[in-house]
Amino acid sequence: EIIAIASSTGGPRALNEFFGGLSRKINCPIIITQHMLKGFTSSLADGISKTTDWDCLEGVDGMELQPGCAYMAPSDYHMIVEAGSPHPRIRLLDTEPENFCKPSADPMFRSIIKVYGENILCLVLTGMGTDGLAGARHIVDAGGNVIAQDQETSVVWGMPRAVAEAGLCAAIKPLDALPSEVMRVVAGNF
């Protein structure tokens, strides 16, 4: 019911390539935490919208998550999801950094468990550090799935390595294989 993506170093290129290959048949929201300096997440979201078939928006507090749309955490805010009617909503938190990051993937990952339960697919793409590891562990414990980008196609194999070495991954794939793997999982052929 939701796809959550964490990325850092090398992430902008990886996100553009991923969305460029991802079918629009996916009818669930996609939320993204990309570690970037203030002011750059908006242009990254615009770039994804312009160069792929996907609408990607920078998250705004209170914004409803719509199926088939992607939402980027803005710089300097943790982006979480809360239950709402008829759709869950984005909340932006101006709280302390986690894993030395703000935005951090861990608050985003933790929040979606409360709303979506086991119906979560989490992607951990290229990036330095271990952001997303703790949240991915909670997602797997709740029955969701985690897929990591492989070492060969990652600019820095830090974040994906952390989830892979923790034994949390249902799959570890090269970047160009991630869109089809996501389609396979979302279609229920897991």
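Visitor: Why does C56 count as buried?

Guide: First, note that this is a predicted model. The relative accessibility of C56 is 2%. Buried means under 20%, so C56 counts as buried.

Visitor: And what makes C169 count as partly exposed?

Guide: C169 has a relative accessibility of 22%. Partly exposed runs between the 20% limit for buried and the 50% limit for exposed, so C169 counts as partly exposed.

Visitor: How many disulfides does a search of the whole structure find?

Guide: The search finds zero. In general, a disulfide is a covalent bond between the sulfur atoms of two cysteines.

Visitor: How far is the sulfur of C169 from the closest cysteine sulfur?

Guide: The distance is 8.4 Å, to the sulfur of C122. Against the cut-off of 2.5 Å, that is too far for a bond.

Visitor: Which value of phi does F100 have, and where is F100 found?

Guide: Phi of F100 is near 65°, a positive value in a residue other than glycine. F100 is found in the loop between β6 and α3.

Visitor: Why does F100 count as exposed?

Guide: The relative accessibility of F100 is 87%. Exposed means over 50%, so F100 counts as exposed.

Visitor: What joins K102 and P103?

Guide: A cis peptide bond joins them, with omega about 10°. P103 is in the loop between β6 and α3. A cis peptide bond also joins S85 and P86, with omega about 5°. The loop holding P86 runs between β5 (78-82) and β6 (89-93). In general, most peptide bonds are trans.

Visitor: Why is S154 called buried?

Guide: S154 has a relative accessible area of 11%. The limit for buried is under 20%, so S154 is buried. S154 is found in the loop between β8 (145-149) and α5 (159-165).

Visitor: What does the side chain of S154 reach at 2.7 Å?

Guide: The side chain of S154 reaches the backbone oxygen of D150. A polar contact requires N or O atoms within 3.5 Å, and 2.7 Å meets that distance limit. Not counting residues up to four places away in sequence, S154 touches T126, Q149 and P160.

Visitor: Which residues have the most contacts inside the largest nonpolar core?

Guide: They are I31, L65, F109, I112 and V163, in a core of 28 residues. Among the elements that each supply at least two residues of this core are β1 (2-7), α4 (133-141) and β8. The helix α3 gives the most, with five residues. A second, separate core has 27 residues, including M72 and L125.

Visitor: What is V163 in contact with, leaving aside its neighbours within four places in sequence?

Guide: The contacts of V163 include V124, L133, A148 and C169.

Notes: Residues are numbered from 1 along each chain as its sequence is written. This is a predicted model: local features need pLDDT of at least 70, side-chain atom pairs count only at pLDDT 80 or more; totals for chains, interfaces and linings use all residues. Side-chain values use heavy atoms; hydrogens and water are left out. Helices (H or I, at least four residues) and strands (E, at least two) are DSSP runs, numbered from the N terminus. Buried means under 20% relative accessible area, exposed over 50%, partly exposed in between (1.4 Å probe, protein chains only). A polar contact is a pair of N or O atoms within 3.5 Å; within protein, one must be able to donate a hydrogen and the other to accept it, and residues adjacent in sequence count only if both atoms are side-chain atoms. Contact means heavy atoms within 4.5 Å. A nonpolar core is a set of buried Ala, Val, Leu, Ile, Met, Phe, Trp, Tyr and Cys residues joined through side-chain atoms within 4.5 Å.
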